[in-house]
Amino acid sequence: MVRLLLDPFLNELTSMFEHTTEKGSVWVTLKHSSDKSKVQRNKITSAGKELEYKCLVRATDGKKNISTLVGAKDHQRFQASYATILKARMTSLKKREKKDKRKAVDAVDKKVSKAAKPMDVDKKPQSSVKRA
Amino acid sequence: MVYIVSWDEFVEQSVQLFRASPQTTRYVMKYRHSDGKLVLKVTDDKQCLKFKTDQAQDAKKMEKLNNIFFTLMARGPETDITEVTGKEQTVQPPKRGRGRKQ
């Protein structure tokens with residue numbers, strides 16, 4: 001597990017996403033951690049001091065492991081860059097489906113109107129009804 | 001472990017799980033580009049919550065959850081996350097706007 005600073009971590013994460021476009025997966029784990037060993041933790045707590053917690057971020061593509069620590073000061077900046085990377089890389093997800101019913105219906109309507117012009121189809125039966 | 005279908009339920013339960021055992025809980029995101037699949041998992045090694053999707057709109061929701069977990073984990077489990085969830089923020093701006101107009 002290689003411990004990196006925030007920006008090198010993000011760069012490395014980006015390249016992991018690039019390497020796994022054809023096959024493989026990327027795992028990103030977030031954990032609340034003091035980054036101290038059990039002995040160190042016991043020392044600090046027995047001395048009556050409080051442990052300082054940070055957010056440990058680990059990433060792997062199954063071959064390489066990287067990690068970084070995000071503190072309270074950096075988490076907003078890191079979160080923003082992380083979100084940008086995810087947006088840029090998670091491009092194989094489906095845009096839209098049944099879940100969003102309104103949008104799905106709209107999309108179908110547009111397709112139908114382009115293909116068959118339903119307006120005309122609707123008018124014809126109506127007019128025929130009036131005539132009858 | 002069975003996948004949770006409702007997103008809101010998944011968020012609520014995972015935040016609860018983290019608050020109940022902040023020392024052991026981890027939040028894992030797995031993304032598989034070739035299959036276009038995204039799996040989110042929150043576990044404390046006793047209880048496991050999972051959510052699976054192939055929808056791009058769920059990735060947007062995940063961004064909010066990431067935000068929640070970064071805040072909770074970097075600042076501590078007691079942190080108030082109402083700011084991060086954006087539920088209150090969406091209510092506040094229109095109120096302010098009306099106030100200025102009057």
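Helices, H or I, of at least four residues and strands, E, of at least two are DSSP runs, numbered from the N terminus. With that in hand, take residues 6-66 of chain B. The span is 41% helix and 33% strand. Its end C-alpha atoms lie 17 Å apart. UniProt, in an unreviewed entry, lists these residues as "domain: SRP9". The model itself is predicted.

Now turn to the sheet. Seven strands form an open sheet, with mixed pairing. Read across, the order is β1(A)-β4(A)-β3(A)-β2(A)-β1(B)-β2(B)-β3(B). Two strands stand at the edges: β1 (2-3) of chain A and β3 (48-53) of chain B. Each has a single partner strand, so one side of each is left without a neighbour in the sheet.

On one flank is β3 of chain A, residues 54-60. The two run antiparallel and are joined by seven bridges. Within this pair, A:Lys31 stands opposite A:Leu56. β2(A) also pairs with β1(B), again antiparallel, through six bridges. Here A:Trp27 stands opposite B:Lys30.

Next come the helices on the sheet. Helix α1 of chain A, residues 6-19, lies across β2, β3 and β4 (65-70) of chain A. It runs at about 145 degrees to β4(A). In chain B, helix α1 (residues 7-20) packs on the sheet as well, touching β2 (37-43) and β3 of chain B. The direction of α1(B) makes about 150 degrees with that of β3(B).

A:Leu4 sits in the loop between β1 and α1 of chain A. Leaving aside neighbours within four places in sequence, A:Leu4 is in contact with A:Phe9, A:Glu12, A:Ile66 and A:Thr68. Buried or partly exposed: which is A:Leu4? A:Leu4 has 18 other C-beta atoms within 10 Å, so this residue is partly exposed; burial needs 20 or more. A:Trp27 is 23 residues from A:Leu4 along the chain, and their C-alpha atoms are separated by 17 Å.

The contact between the chains takes 31 residues from chain A and 30 residues from chain B. Which elements give two or more residues to the side of chain B that touches chain A? They are β1 (26-32) and α2 (56-75) of chain B. Helix α2(B) supplies the largest share, twelve residues. By class, this side of chain B has 13 nonpolar, eleven polar and six charged residues.

B:Met73 reaches across to chain A, touching A:Leu30, A:Lys31, A:His32 and A:Cys55, not counting residues up to four places away in sequence.

Finish with A:Gln79, which is found in helix α3 of chain A, residues 75-89. Leaving aside neighbours within four places in sequence, A:Gln79 is in contact with B:Asn66, B:Asn67 and B:Phe70. Why does A:Gln79 count as buried? The residue has 21 C-beta neighbours inside 10 Å, and the cut-off for burial is 20 or more.

Conventions:
Residues numbered from 1 in each chain as written. Chains lettered and ligands numbered in written order. Predicted model: local features only at pLDDT ≥ 70, side-chain atom pairs only at ≥ 80, totals over all residues. Pairing = 2+ DSSP bridges. Contact = placed C-beta atoms within 7 Å. Axes fitted to C-alpha atoms, helices over the stretch in contact; angles between N-to-C directions. Nonpolar A, V, L, I, M, F, W, Y, C, P; charged D, E, K, R; others polar. UniProt positions renumbered as here; feature names shortened; annotations may be inferred. Buried ≥ 20, exposed ≤ 12 C-beta atoms within 10 Å, placed from the backbone.
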